[in-house]
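This is a walk through one protein structure for someone seeing it for the first time. Please keep the sequence and the model in view while reading.

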Amino acid sequence: MKITVIGTGYVGLVSGTCLAEVGNEVLCLDVDPAKIKIIEDGGIPIFEPGLQEMVQRNVAAGRLHFTTDIEKATQFGTIQFIAVGTPPDEDGSADMKYVTAAARNIGKYMTDYKVIVDKSTVPVGTADAVHAAVSEELKTRGVDVPFSVVSNPEFLKEGAAINDFMKPDRIVVGCADEQAALNMRALYAPFQRNHDRLILMDIRSAELTKYAANAMLATRISFMNELANLAERLGADIESVRKGIGSDPRIGYDFLYSGAGYGGSCFPKDVKALIKTAADKAGIDLKVLNAVEAANDAQKHVLGSKVKAHFGADLKGKHFALWGLAFKANTDDMREATSCEVIKDLLAAGATVTAYDPEAMNEAKRHFPDESRLSYAKNQTAALEKADALIVVTEWKEFRSPDFDSIKNKLKSPVIFDGRNLFEPTEMKRLGISYFGIGR
Ligand SMILES: NC(=O)c1ccc[n+]([C@@H]2O[C@H](COP(=O)([O-])OP(=O)(O)OC[C@H]3O[C@@H](n4cnc5c(N)ncnc54)[C@H](O)[C@@H]3O)[C@@H](O)[C@H]2O)c1
């Protein structure tokens, strides 16, 4: 099949590459020439395990192409995936300007039948808006070209994106006509040879499914974080509680870890957008999700509060080593990352910080361009030099079993604040390290 992917970011680049991997001809479009240049030069603009090799392999095989030429991209694929960003607007709703621009571009240049697929996470009703935008452009041109609009939300996780796309748990397709449904079934057939994973539904349900999934996952995290804060006060250990409840198959172990708050490009913005959609379009106050968001906003400051409780509110003259900047392991993505709040809290209290992250340090420099009291170390051990304490924010594998003797030797005082509960409190005690986890 001939496929155009509009937006070559985390979702677009992974989707386009995986679709090429199974034999399709794919053209990825982006309006950012810098991104396309990086790919044309043999690199990729993001860090995602295994992606660079897969891109190179499919480019070499002649199945995967990149462009900034909108007209060419529109002409190319019968299937047009819209995978552009939907960042939060000032009021928390999803900003639809990139999706609308992509839809209008299709309307401006299409000359034959297209299946336009919303892969971006978009509010309920967006397929109708995309339909209207394309129709308007066709009307302006005075032409009548047939097209279908489909909702096909993406469920991949950064850090495991290729596996998630190649072996999906489910493929949600919201469709209003048979021709588009047939195209989507054919497109996804190679990804579900073992058994059918395609769940066909109406368009609005598909749009809502994506928000419901992220809202549910965010709810589990905020729930566990609140219980962790409670466990601390009551003298219980949230890790024991987690095992105790996770063993119930109705609850399950997944997504039950407490920590220093969720971040990333999806949960914070999608929870906000769903709250806003409910309020604006249905007059409904989503009380649970409002609480999920408030709990998470507070949780991002728990590490900063613990540091101040230990060292005092005034941190002038104190220096901290910070391990982990990305919002989670195996990505360089720092959108809404907890590390940003921790760093801001520490700097605001007068401290200096040396951070290390295996992949996200360039991103961090973009987030904190002129911060003289924030520096970066070349590795995790170097970050510890002359620090009063170590603060762990991201659960990178290489942080999980560090050399505690070297940590003790390098730090001015053996103190660890662990925002991911990577270490065992009893072991820390045995080693003579003052240890502050979350809910332990
Ligand atoms: N990142 C994730 O893990 C993830 C997972 C599932 C769903 N999503 C959703 O997928 C969508 C994309 O997310 P992302 O993380 O890939 O975003 P991203 O910011 O990494 O990429 C979006 C890309 O679209 C490009 N773009 C913007 N307008 C364009 C246009 N008119 N034509 C062509 N290109 C254009 C931008 O330059 C950018 O490169 C969002 O709605 C997001 O919520 C993301």
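The model is a predicted one. The protein contains 18 helices and 14 strands. With a radius of gyration of 24 Å, close to the 22 Å that the globule rule gives for 440 residues, the protein is as compact as a globular protein of that length. The C-alpha trace spans about 75 × 50 × 45 Å along its principal axes. Of the 440 residues, 54% count as buried. The accessible surface of the protein is about 19300 Å², and carbon and sulfur atoms account for 52% of that area. If contacts between residues at least 6 apart in sequence are considered, 72% of them join residues at least 24 apart.

Next comes the sheet. Strands of a sheet pair through backbone hydrogen bonds, either parallel or antiparallel. Here six strands make an open sheet with parallel pairing, and their order is 11-10-9-12-13-14. Strand 11 (374-376) and strand 14 (434-436) are the edge strands, each pairing on one side only. From one strand to the next, the twist averages 20 degrees. Strand 10, residues 352-356, pairs with strand 11 in the parallel sense over three bridges. Within this pairing, Val353 has Leu374 of strand 11 as its bridge partner.

Helix 13, residues 302-311, touches strand 9 (319-323), strand 12 (389-392), strand 13 (415-418) and strand 14. The direction of helix 13 makes about 155 degrees with that of strand 13. Helix 14, residues 338-348, touches strands 9, 10, 11 and 12. The direction of helix 14 makes about 180 degrees with that of strand 9.

The last topic is the cores. In soluble globular proteins, nonpolar side chains tend to be buried together. The largest nonpolar core of this protein has 60 residues. Which residues have the most contacts inside it? They are Phe320, Leu325, Leu346, Leu390, Ile391 and Ile416. Helix 14 supplies the largest share of this core, five residues. Leaving aside residues up to four places away in sequence, Ile391 touches Leu303, Val307, Phe320, Ala321, Leu322, Trp323, Val342, Leu346 and Phe417.

Notes. Residues are numbered from 1 along each chain as its sequence is written. This is a predicted model: local features need pLDDT of at least 70, side-chain atom pairs count only at pLDDT 80 or more; totals for chains, interfaces and linings use all residues. Side-chain values use heavy atoms; hydrogens and water are left out. Two strands pair if DSSP finds at least two bridges between them. Helices (H or I, at least four residues) and strands (E, at least two) are DSSP runs, numbered from the N terminus. Axes are lines fitted to C-alpha atoms, for helices over the stretch in contact, and angles run from 0 to 180 degrees between N-to-C directions. Contact means heavy atoms within 4.5 Å. The radius of gyration is taken over C-alpha atoms; the globule rule is 2.2 Å times the number of residues to the power 0.38. Buried means under 20% relative accessible area, exposed over 50%, partly exposed in between (1.4 Å probe, protein chains only). Accessible areas come from the Shrake-Rupley method with a 1.4 Å probe; for residues, only the protein chains shown count as cover. A nonpolar core is a set of buried Ala, Val, Leu, Ile, Met, Phe, Trp, Tyr and Cys residues joined through side-chain atoms within 4.5 Å.
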